[in-house]
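This briefing covers the pockets of one model and the residues that line them.

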Amino acid sequence: MLPVLVGVIPFAMIYAVLALDAGLTPGQSQAMSAIVFAGSAQIVMTQLVRLDTPGLVIILTVGIINLRHVLYSASMAPYLQPLKRGWKWLLAYLLTDEAYVVTAVYYQNSEPVYSESRAGQGGAPAGEAGNDIRYWFLFGAGFSLWLSWQLSTAAGIFLGAVLPTSWSLDFTLALTFIALVVPNLRDRASVAAALAAGLIAVLAFNLPYKLGLMIAMLAGIGLGLWVEGRE
Amino acid sequence: MSVWLVFLFSGLITYAIRLSFIVLVDHKRMAPWLRRALRFIPPAVLTAIIFPELLLRDGALFVSHENARLLAGLLAALVAWRTRSALLTIAVGMLALWLIQWLL
């Protein structure tokens with residue numbers, strides 16, 4: 001868990017530096033970390049703000065980028081099913097990439113844990129799914145990541161305010177994404193998806209309303225599906 | 001649309017996605033095509049951002065040995081491929097960019 005907590009620090013700081021560079025105020029930059037709370041989507045948002053993208057296009061682009069979270073939601077759903085509504089809503093807010101990955105591994109490698117003191121509460125006898133208290137792990141992971149993300153954003157805001165713009169720090173956007181994408185290009189279908197999205201994003205860059213990015217992402221996903229389907 | 005509204009709706013759409021299957025009663029049903037499509041989102045999204053950053057300047061194609069971002073980006077991709085280290089990729093990429101800008 002600790003490497004994951006430390007690992008998000010530079011990304012939050014890069015986000016904050018890019019947000020200030022794109023013209024957002026310190027307050028707005030910090031608020032985005034709390035409201036959206038999704039690293040790559042936030043970094044893309046700074047780029048879209050910089051390019052004066054219409055709000056609706058930004059919102060839809062964020063939706064496409066974060067669509068992968070339905071997988072996390074579906075994967076956690078069976079474990080969280082017996083919980084009260086408040087817990088479900090809170091844990092969903094904390095369900096980021098990193099929180100999901102560590103929690104999924106934890107659930108796979110552990111047996112249900114039952115609390116003695118909670119036995120019988122909510123009508124479920126001890127030893128039944130309703131009393132499995134492992135959801136506290138997701139809360140702990142999610143909340144510590146949230147705290148790390150907010151504090152690192154604040155640190156990045158302080159840093160971004162003193163770093164000179166002549167350092168071309170906006171380039172960390174491309175570099176961060178290169179670091180994320182290259183190790184994951186493992187098969188032909190994902191390479192096809194990446195290349196198609198990249199090339200169309202270049203060709204469609206000057207489309208009105210900055211729609212090019214969204215079109216490129218959808219075309220890449222579509223081509224990836226098509227190539228995978230043919231194999 | 002104000003920046004705050006854009007943030008609010010971007011946050012709401014993200015939250016709705018994370019909440020989706022957790023609050024649905026029938027949580028086991030996900031369309032098969034959607035499940036297959038999800039793994040292509042990261043490569044498509046990330047590359048759609050990277051390519052214009054490296055290949056365009058002021059909206060026009062800029063493929064040249066004088067394009068410092070393209071050269072530094074290619075070097076960074078090589079580092080990412082060989083080392084799989086995010087921090088090393090970013091560090092080498094920034095140093096390369098500064099060095100190439102200084103040389104040109």
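The lining of the largest pocket is made up of 28 nonpolar, 7 polar and 8 charged residues. In this count Ala, Val, Leu, Ile, Met, Phe, Trp, Tyr, Cys and Pro are nonpolar, Asp, Glu, Lys and Arg are charged, and the others, Gly among them, are polar. The model is predicted: local features need pLDDT of at least 70 and side-chain atom pairs pLDDT 80 or more, while totals for chains, interfaces and linings use all residues. Residues are numbered from 1 along each chain as its sequence is written, and chains are lettered from A in the order in which they are written.

**Largest pocket**
- The space in this pocket is about 1,300 Å³, taken as that filled by probe spheres set on grid points joined across faces, edges and corners.
- A pocket is an open set of points on a 1 Å grid over the protein atoms alone where a 1.4 Å probe fits, with protein on both sides within 12 Å along at least five of seven lines; lining residues have an atom within 4 Å of a point.
- Of its 43 lining residues, A:Asp97, A:Glu98, A:Leu180, A:Asn184 and B:Pro42 lie nearest the centre.
- Domain 1 (1-167) and domain 2 (185-231) of chain A each supply at least three lining residues, with bounds from an automatic or database domain assignment.

**Second largest pocket**
- Its volume is about 390 Å³.
- The lining has 19 residues, and B:Glu53, B:Leu56, B:Arg57, B:Asp58 and B:Arg69 are the closest to the centre.
- By class, these lining residues are 8 nonpolar, 4 polar and 7 charged.

Conventions: Side-chain values use heavy atoms; hydrogens and water are left out.
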